[in-house]
Amino acid sequence: MTQISVIVPVFNEEESLPELTQWISRVMNEHGFSYEVILVNDGSTDRSWEVIQKVSSQTPHLKGLNFTRNYGKSAALDAGFRRAIGEVVITMDADLQDSPDEIPGLYEAVIKEGLDVVSGWKKERHDPISKTIPSKFFNGVTRWISGIQLHDFNCGLKAYRNKVVKNIHVYGEMHRYIPLLAKWNGFGKIGERVVQHQARKYGYSKFGLERFLNGFLDLITVSFVHRYKKKPMHFFGLLGTVSFMTGFVITAWLIFEKIYGLSKGLKVREVVDQPLFFLALVALIIGVQLFVTGFIAELMTSNQSKEIEYKIDEELNFDF
């Protein structure tokens, strides 16, 4: 039985790959683990795939997947998750900032402590302040919304029980929220471990400040999808009801006010001459539209497709 699967998304990391794979193999052999390393080339424009082909030809423990183009880290992880056979699945970045020496500790945290997910915490970071301060803010908001007390949701070094990764689907840019996806799928034993963070040795960071804005948008998305994926009418129907009833009550009041005034012989304005009437009309229309949106969303949910969002061009060392 394979004890550990290591999944490494790769995007333009040709210089670091030989050192990384040798380092992983050394750690595994020193501790006597049975293992596999899945290198997922996410549409690199350098020689990363050629390097993966070379290192995988030298040992059957190293396996490779090559995407037809760049689909993003979430797609790379999802492809690796689908093929991982290890009892514990460990993810790490390919830039050598995640240390393979942390693998034994992460493995033991899952096996001996009975955790479903163990997230790395880069307590001491070798990043500029332009990344560390936004990261702290981002992690604080994510802890508050998700209820999961992790210090570093963005850390690529994480460990999962195999059944966890087989029961979640990572898409879009949701790789930051895999612990949250795991929790919502019933795997709530989540812990963290302080890990070593190393300075980048080769190349440059592939992520800019825009990832934090995207991260917040993704957090809103994943929260909404979790709550209303199965019953979108509960969301759109509630808003539609509030909007429609508000418009209906305002319209009814304006009509009643006019009829009452006429019955008393008072001078009253025409209903259509009052701005409040048009606001009520807008509220009625929006309410109906929200109801229709809810019905359409329900139909889409009942017929949703499980189509994979990425294409694989070539695979190395996988047994079928």
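Start in helix α3 (residues 73–83), where Asp 78 and Arg 82 both sit, four residues apart, about one turn of the helix. Helices here are DSSP runs of H or I at least four residues long, strands are E runs of at least two, and both are numbered from the N terminus. Asp 78 and Arg 82 form a salt bridge, with the closest N and O atoms 2.9 Å apart; the term means a side-chain nitrogen of Lys or Arg within 4 Å of a carboxyl oxygen of Asp or Glu. Asp 78 is buried at 1% relative accessible area, while Arg 82 is partly exposed at 42%. (Buried is under 20%, exposed over 50%, partly exposed in between, using a 1.4 Å probe and protein chains only.)

A word on what you're looking at: this is a predicted model, where local features need pLDDT of at least 70, side-chain atom pairs count only at pLDDT 80 or more, and totals for chains, interfaces and linings use all residues. Residues are numbered from 1 along each chain as its sequence is written, and side-chain values use heavy atoms, with hydrogens and water left out.

The structure holds seven salt bridges. One of them pairs Glu 14 with Arg 47, at 3.6 Å between the closest N and O atoms. Glu 14 lies in the loop between β1 (4–10) and α1 (17–31) and Arg 47 in the loop between β2 (35–41) and α2 (48–58), so this pair ties together parts 33 residues apart in sequence. Glu 14 is partly exposed at 27%, and Arg 47 is partly exposed at 47%.

Further along, Lys 258 and Glu 270 meet in a salt bridge of 2.8 Å, N to O. Lys 258 belongs to helix α9 (residues 232–263) and Glu 270 to the loop between α9 and α10 (275–302), so parts 12 residues apart in sequence are tied together. Glu 270 is partly exposed, at 40%.
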